[in-house]
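Subject: Structure handover

Hello,

Here is the structure I said I would pass on. My notes on what was found in it follow below the entry.

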Amino acid sequence: NTGLTIKNLRWLAINMIKCEGAQRKAGAEVALKASVMLAQDLDKGKINPEDWFSKNELAGLEEDKEAFNKAIAERKEQIKFGCGEAALWAAKYKESDDFLKAILKNEKTPYYYKANFLLSEAYTELARQTDDKSEKGKFFNKAIIALSDVANYTDKVSLKFESGCKTGDIY
């Protein structure tokens, strides 16, 4: 128990990932810890609606249990995506891989393309860290597959170009 409220943890998870420059990794580590704590609370069913939603959001959810459950599921996905992103910027690439792959099990997630881009970055970093040529090749291949998933499943030309550019950067 840290003594931090859910609202404090949400603030940390959202804002510490935005640190720039020399503070990026340290900020990401704080965001990752906060995000993991939030995900654990949500997984345990510790849900006080006032902690997770604004008054305006709650007004529309209080009477509709199905809409409330859907909104909670969206918050869980948002937090778990945040875990994957924070782990990447904290240079915890294997953890990032685990969180992002969990998000990608839902092909309809609104984080599908962003998660694949981040997953590609995680694999690229893992490839750069190993001297084993076989492992390096496997990681680069996984990075390219993540980017090709973006290109293959989007209708947005901008995402196709971004995927192509990032694939070129890998080579």
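From the N terminus on, the elements of the protein chain run α-α-α-α-α-α-α-α-α. That makes 9 helices and 0 strands. Please keep in mind that this is a predicted model. Along the principal axes, the C-alpha atoms fill a box of roughly 55 × 35 × 25 Å. The chain has 171 residues, of which 40% count as buried. Of the contacts between residues at least 6 apart in sequence, 54% join residues at least 24 apart.

Helix packing

I looked at helix 7 (residues 112-129) and helix 9 (residues 157-170), which pack with their axes 12 Å apart and at an angle of about 5°. Helix 7 and helix 9 are therefore roughly parallel to each other, because angles under 35 degrees count as such. On the helix 7 side, the contact is made by Tyr113, Phe117, Ser120, Glu121 and Thr124. Helix 9 contributes Leu159, Glu162, Ser163, Lys166 and Ile170.

Aromatic pairs

The count of aromatic pairs comes to 5. One of them joins Phe81 and Tyr111, whose ring centres are 4.7 Å apart. Their planes are at 15°, so this pair is stacked. Where do the two residues sit? Phe81 lies in helix 5 (residues 65-89), and Tyr111 in the loop between helix 6 (93-104) and helix 7, so the pair ties together parts that are 30 residues apart in sequence. Phe81 has a relative accessibility of 8% and so counts as buried. Tyr111 is buried as well, with a relative accessible area of 17%, since the cut-off for buried is under 20%. Elsewhere, ring pairs link Tyr112, Tyr113 and Tyr153 into a cluster.

Cysteines

How many disulfides are there? The count comes to 0. Cys83 is in no disulfide, and the nearest cysteine sulfur, that of Cys19, is 17 Å away. For a disulfide the two sulfur atoms would have to lie within 2.5 Å. Is Cys83 buried or exposed? Its relative accessibility is 0%, so Cys83 counts as buried. Cys165, by contrast, has a relative accessibility of 52% and therefore counts as exposed.

Two further residues

Ser96 has its place in helix 6. At 0% relative accessibility, Ser96 counts as buried. Leaving aside residues up to four places away in sequence, Ser96 touches Gly84, Ala87, Leu88 and Ala122.

Thr2 is found in the segment before helix 1 (6-15). Its relative accessible area is 47%, so Thr2 is partly exposed. From C-alpha to C-alpha, Thr2 and Met37 are 9.7 Å apart in space, while they are 35 residues apart in sequence.

Regards

Terms used:
Residues numbered from 1 in each chain as written. Predicted model: local features only at pLDDT ≥ 70, side-chain atom pairs only at ≥ 80, totals over all residues. Heavy atoms only, no water. Axes fitted to C-alpha atoms, helices over the stretch in contact; angles between N-to-C directions. Helix = DSSP H or I, 4+ residues; strand = E, 2+ residues; numbered from the N terminus. Parallel < 35°, antiparallel > 145°, perpendicular 65-115°, else oblique. Contact = heavy atoms within 4.5 Å. Buried < 20%, exposed > 50% of the residue type's maximum accessible area, 1.4 Å probe, protein only. Phe/Tyr/Trp six-rings, centres within 6.5 Å; stacked < 30°, edge-to-face > 60°.
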